[in-house]
Amino acid sequence: MSVVDFVRDMTVQVMTVAWFVFLITWVIGWAIKGSPIPFHRVKRAGQSLVEDAVLAAFWLAIGTTVFALISYIVSNIGTGMPPPPQPWG
Amino acid sequence: MELLTLAVALASLTYALGALILGLPIPYRPLKRWGPRLMADAVAAMIIVSSLGILLWLSDKVMEIIGVTWGNFYDWMTVRFTVLLAVYGGLQYVSTLLRSSGLDILLPIVSGTVSAVSAALTGLRLIFFVALALQRLRYYFVILGSVFYSIPFRIGRSVGATMISIGLVAYIAMPALPLFVEAFSPDVPGFSIPVNHTIVVDVKDSVGTPIPYPLLELRDSGGEVEGVIVGDMYGRVVLGGEKDMLPPTFNYSIRVGFLGYYFDTVPGFITELSNGSTIVVPNLVYSTGVGVLIHDIIMEVVSNEPGEIQLRAVSVLASPEVLVTKVAYITDVNVHIGNITYGCQWVRSYWLDIPLDTCQVTGLEPGDMLSIDYLPGPYPGPNIREKRIVYGDSVEEMVESLTTYAAAVLYRELVLPAMYMGVVVSLTVAAARVLGGSIRLLPR
C-alpha cells in the first residue's frame, strides 16, 4: 500500500466517522434542545450543536465531492499517453 | 506526479478532519474553531496544488520579461571565477616576488588582498551551489512544498510555504544577480602587475671558461648599489623573472666579485636588452679552484685545463701585477716560471666565508711562461644575502593597485552578492508569508 492509498483510506474512514458524528451531534443537539431543562444556556448549546452538525454535513457533502473530483483529475493527469494505434491485419 | 496526488489526498484528509471536528458534539469553542480553520487550510492547499502549473509558468514568464536567463547567470559566474582565479595566481606571484626581493614589509598588503580574493571565491562558490540546487531541484521544492503545505493541523504549513516560494521567487530572483552586481559596481581599476623582464647573462673569464657563483654587483647612474646577485655554478646569472622588479628601461653598470676581488667587465653594463649576452672578465683566467689575476701585463693563454694553467707573457706595461689565487683547500700547487719553480708566499684571507690563498708573482718578462699545476677542486659559493633589484615606482604602483583592487574585490564580489542574497531571502520569506506561513528568521 502506497502512502497515497493510505491517506486516501484514512480520508474515507474520517469521512465515514464524520457522517456518523454529524448524526450523533444532530440527535444530541435536538435532544438537548428538546429536553425539559429550563436553562437557556443549555438550550442554546443544543441549538448550536444542531447548527454545527448541519453546517458540517453541508460542507462535508460539497467539499468531498469537489475534492474527489480534483483528486480524480490530478491522478489522471499523470497517466501516460495511450499506445499508438497498431496497423490492422 | 505521485507527490502531487499525495498533496491532494492530504488536503482531502485535512478537509475531512475539519468537517469532523466541526460536527463533533462537544460544545468547546477552542476545539470547534479548528474545524473551519482546517477546512479553509485544505481549500487553500487545494488551490495552490491546482495552480502549481500556472504559478510555475508565470514565474518563467516573469523571468522572460525581466530578461534574465540561467545560461547568462552561469556565464557570468564562470567569468567571475576565471578573473578571480587569475588574480589569485597573480597575487601568489607578487608575494613570491616581494619575498625574494626582501620587501617582506609589503607582504601583509598582498596577503590581505589574497584573503579578500579567496573569500570572494568561497562566497561565489557558495552562491554557485545554491543556484545550482535551486535550478535543478526547483520542481521538487514546489511539489514537496505543496505536500508539506497540505499536511493536516498546519504541521508543515510554514515549511511548505517557504519551499514553494523558494521554487517560485528565488528561482526568478537568483539569475538576476549579475544585473544587480553590475548595476551597483564601481568602475574597478584593472589590477596591474608590473611587466617584468627576465635577463639571463653568462659570466666567463678571459678565455671563455664559466666563472662559478659570480657575484654580480649592479649600480645605477648615481653609483648606488641597486643589486647584488649571485649566479649559479655555471656562471649563469638571472635577473628579473620572479625575483626582481626591474624598471621598464635601465642601464646598470656592473662589476663581478670573484676570488675576493671585484673585476671590471666587458661590457661594463647591463640593460633591458642584455638577455642572452656574455659578460667577460678580461683580467682573469680561471680553472677549477685556481684563478690568475692579471693587471698591466698582456698574457697569452697556452693551456687552461683542470689542474694546469699555462700563460705566456707577451708584453709588460707600466706596473705589471700577476696574482695566483686559490681556494685554501686546493693543494699540491706548484708555480713555475719557465722551468724554474717559483717560491710562492701564500697569504691567507677570507672573503664571504671562503678561505683564499694568494701568491703574488713578480719579475715576469715578455716571453716568460707561467705555469701552475695543482689538484683541482670546486669553488664554493660566497656566503652573502643577495640584494635583488626592486624598482621603486613599480612597487608603489603595485601597492596602490593592490589596495584599490582588494577593496573593489571585497565590495563587488563579496558585499554586493551577499546583499543580493539578503534581498532574495527577504523576498522569499515575504512570498512565503503571503502563502500563509513562513520560517521565522528572528525570534519575536
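This is a predicted model: local features need pLDDT of at least 70, side-chain atom pairs count only at pLDDT 80 or more; totals for chains, interfaces and linings use all residues.
Two residues are taken to be in contact if their C-beta atoms, placed from the backbone, lie within 7 Å.

From α4(B), the contact residues are Leu55(B), Ser59(B), Val62(B) and Met63(B). Their partners in α8(B) are Leu168(B), Tyr171(B) and Ile172(B). The contact of α4(B) with α8(B) has six nonpolar residues, one polar residue and no charged residues. Helix α4(B) spans residues 52–66, and α8(B) spans residues 157–173. The two helices pack at an angle of about 10°, with their axes 9 Å apart. That angle makes α4(B) roughly parallel to α8(B), because angles under 35 degrees count as roughly parallel.

Helix α1(B) covers residues 2–23 and has 22 residues. From its first C-alpha to its last, α1(B) reaches 31 Å. This is close to the 32 Å expected at 1.5 Å a residue. Helix α1(B) is mostly covered, with 20 of its 22 residues buried.

Helix α1(B) also packs with α7(B), which comprises residues 138–150. Their axes come within 8 Å and cross at roughly 15°. Helix α1(B) is therefore roughly parallel to α7(B). The crossing of α1(B) and α7(B) is left-handed. On the α1(B) side, the contact is made by Leu3(B), Leu4(B), Leu6(B), Ala7(B), Leu10(B), Ala11(B) and Thr14(B). On the α7(B) side, Ile143(B), Leu144(B), Ser146(B), Val147(B) and Ser150(B) take part. By class, the contact of α1(B) with α7(B) divides into nine nonpolar, three polar and no charged residues.

Methods
Residues are numbered from 1 along each chain as its sequence is written. Chains are lettered from A and ligands numbered from 1 in the order in which they are written. Helices (H or I, at least four residues) and strands (E, at least two) are DSSP runs, numbered from the N terminus. The expected span of a helix is 1.5 Å times one less than its number of residues. A residue is buried if 20 or more other C-beta atoms lie within 10 Å of its own, exposed if 12 or fewer, and partly exposed in between; C-beta atoms are placed from the backbone. Axes are lines fitted to C-alpha atoms, for helices over the stretch in contact, and angles run from 0 to 180 degrees between N-to-C directions. Angles under 35 degrees count as roughly parallel, over 145 as roughly antiparallel, 65 to 115 as roughly perpendicular and the rest as oblique. Ala, Val, Leu, Ile, Met, Phe, Trp, Tyr, Cys and Pro count as nonpolar, Asp, Glu, Lys and Arg as charged, and the others, Gly among them, as polar. A crossing is left-handed if the near helix is turned anticlockwise from the far one by less than a right angle, and right-handed if clockwise.
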